[in-house]
Amino acid sequence: MNPFTPATIAPLAQQFGTPLWIYDADTITRQIAALRLFDVVRFAQKANSNTHILRLMRRQGAVVDSVSLGEIERALAGGFTPGLHNGHADIVFTADLLDRATLARVVELNIPVNCGSMDMLDQLGAVNPGHPVWLRINPGFGHGHSKKTNTGGEHSKHGIWHGDLVRACEKIQSNGLALQGLHMHIGSGVDYAHLQEVCGAMLKLVEVVNAQGLDLHAISAGGGLSVPYQAGEPTIDTAHYFSLWDAVRHAVEQLLEHPVKLEIEPGRYLMAESGVLVTEVRATKQQGANHFVMVDAGFSDLVRPALYGAYHGMELIHSDGTAVNGLQFDTVVAGPLCESGDVFTQGDGGVVLPRSLPQAQVGDLLVLHDTGAYGASMSSNYNARPLIAEVLMENGEPRLVRRRQTVAELLALEAV
Ligand code: LLP
C-alpha cells in the first residue's frame, strides 16, 4: 500500500530531491496499536533504525531489539534506557556471537543479551557473572518468505540448537547468569501452520528449563509477521496470532506458578507499509522485446528485489502531482548501477518479471510501495553512491529525518 497521495509525493520530491524515502507516522502508530494485546512490543530495529523512527516507536510504548553495537547506540540516541528496571528492558541485544567491543558495551550498560550460541554464555559469564540473558533457541525447523529469511532448522546459523538446551542451562548456572526468558524467531513471513509448531516447541523448551531448576520471567514470540506486498496477500489477524501465543503463556504460567510476560518482536509489520521510495524516471529504452524504464534509485538503495526477488507495488506520478494513467505496457524497471541485476521487477533467482505500467516519460516519478522495512536499513554505498535522504510525515508535516549523504563524506573516510 501507499499511505501518500500523488499530490503529497510530488512536492516532497521537488523539495528534497530524489531518490527519497518517505515514511508515514500514522501508519507506524496504527501497526503498533494492532499488537497492543502483547505485554511487550519489541521493535526489531534492523528493519529501520533511523533514530527519529525509534523515538516515535518509544513514544508509542514500544521497546527495541538491537543486533549490533551500532544499533545499541542508535537505541540510546533514540531515547531508550539501557539496563534492566524492575525486570523490564528497553533494549535487548540479540546475536549469535559477541564481538569484543559489543561485549564490553553490553556489560558496561547491563543490557540483557539474547544468546544464540553457547560461547556467548561463557564469554558473558567470564566478565560479568549475573549478567541478564535470554536464550534464543533454534527449534530445528524454520520458515521464511525466501530461503534467505528462514532462520530455523539445521541449515540456519541462528540460535542455540534445541538439543543443547540442557547444556545451555548448565552454562547459565555455572556462570551465575540471570535467565530472563526464552526466545524463538524462525523466520520472516511465518504462516499459521509453522506458528502453531513454534508455540508447541516453546512450551516443551520451558519444561526443559524448569526441569533444570531454572526460572524465567518472559517468553518471546519473535518477529516474522508478514504484510501484504501484493493485492490478494493476506493481512495478519493479530488477535488470532495473540490468542495462540497467549495459550502458551498460560500453560507456561501454570508450570512455573507465576506470571510471565509475553513479548513479540516484529520489524516488517511495524514499518513496511509506512514507507515509499520515490524515484525519478531518467531514461526509457527498448531492448528487443523489452521496454525498460530507468530510475535514479538502484539496489544500493532498495536491495530486496535483487536479493530475494521481492515484489514491491509501483505507481507512476507526473511531476505536477497527478497520476500517470492510460494504457499499460509490460515494463522492466531498472536502476542506475553498473550491474545487470539492478532491476526492481524480478523474481526469485533473478528472473526478470516485467510489470504492467502506464507509459512513463522522463521526469515522471516512479514510487515503490511498502519499503519502510528493510529499505534504508539495507542500503549500501555501492558504485560510490551516497545514502539517500529520509523524510517522516507527521501531522501532515514533512520532516527531514536524515539528510542525503555527500560524496565528500564517503571520501573523508579514506583521508588517512
Ligand atoms: N527477531 C529476530 C531475531 C530477527 O532475526 C528478525 C529478522 C526479526 C525479529 C524481525 O523479523 P520481521 O518481523 O521483520 O520479519 N531483510 C529481510 C528480512 C530479514 C530479517 C532478519 N531477521 C527482508 O527484507 O525481508
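When neighbours within four places in sequence are left aside, Pro-266 is in contact with Ala-44, Gly-223 and Leu-225, two residues being in contact if their C-beta atoms, placed from the backbone, lie within 7 Å. The structure is a predicted model, in which local features need pLDDT of at least 70 and side-chain atom pairs count only at pLDDT 80 or more, while totals for chains, interfaces and linings use all residues. Residues are numbered from 1 along each chain as its sequence is written.

Pro-266 is found in the loop between strand 10 (261-264) and helix 10 (268-271), where helices (H or I, at least four residues) and strands (E, at least two) are DSSP runs numbered from the N terminus. Because 31 C-beta neighbours lie inside 10 Å, Pro-266 counts as buried; a residue is buried if 20 or more other C-beta atoms lie within 10 Å of its own, exposed if 12 or fewer, and partly exposed in between, with C-beta atoms placed from the backbone. Gly-267 has its place in the loop between strand 10 and helix 10 and is buried, with 23 other C-beta atoms within 10 Å. Apart from neighbours within four places in sequence, Gly-267 is in contact with Phe-43, Ala-44, Lys-46, Ala-47, Gly-223 and Ala-373. Pro-266 and Gly-267 are among the positions that UniProt gives for the feature "binding site" in an unreviewed entry, together with Gly-224, Glu-265, Arg-268 and Tyr-374; UniProt positions are given in the numbering used here, feature names are shortened, and annotations may be inferred rather than shown by experiment.

The ligand is surrounded by 19 residues, of which the closest are Ala-44, Ser-188, Gly-223, Gly-267 and Tyr-374; a residue is near a molecule or strand if its C-beta atom, placed from the backbone, lies within 6 Å of it. By class, this shell holds 6 nonpolar, 9 polar and 4 charged residues, where Ala, Val, Leu, Ile, Met, Phe, Trp, Tyr, Cys and Pro count as nonpolar, Asp, Glu, Lys and Arg as charged, and the others, Gly among them, as polar.

Lys-46 is partly exposed, because 19 other C-beta atoms lie within 10 Å, and, leaving aside neighbours within four places in sequence, Lys-46 is in contact with Val-67, Glu-71, Gly-267 and Ser-377. For "active site", UniProt (unreviewed entry) lists Cys-338, which has its place in the loop between strand 14 (328-334) and strand 15 (355-358). Cys-338 is exposed, with 8 other C-beta atoms within 10 Å.

The protein is divided into domain 1 (36-265) and domain 2 (272-412), with bounds that come from an automatic or database domain assignment. The centres of domain 1 and domain 2, taken over C-alpha atoms, are separated by 33 Å, and 11 residues of domain 1 are in contact with 17 residues of domain 2. On the side of domain 1 that touches domain 2, the residues divide into 3 nonpolar, 6 polar and 2 charged.

The largest nonpolar core has 113 residues, and those with the most contacts inside it are Ile-9, Leu-20, Ile-22, Val-133, Leu-182 and Leu-366; such a core is a set of buried Ala, Val, Leu, Ile, Met, Phe, Trp, Tyr and Cys residues joined through C-beta atoms within 7 Å. Helix 8 (residues 192-211) gives the largest share of this core, 6 residues. Domain 1 and domain 2 both give residues to this core, so the core lies between them. Leu-366, with neighbours within four places in sequence left aside, is in contact with Thr-279, Val-281, Val-293, Val-295, Met-314, Leu-316, Val-333 and Ala-360.

Some backbone features may also be noted. Most residues other than glycine have a negative phi, and most peptide bonds are trans. A cis peptide bond, with omega about -10°, joins Thr-18 and Pro-19, and Pro-19 lies in the loop between helix 1 (6-16) and strand 1 (20-24). Glu-257, although not a glycine, has a positive phi of about 60°; Glu-257 lies in the loop between helix 9 (238-256) and strand 10 and is exposed, with 8 other C-beta atoms within 10 Å.
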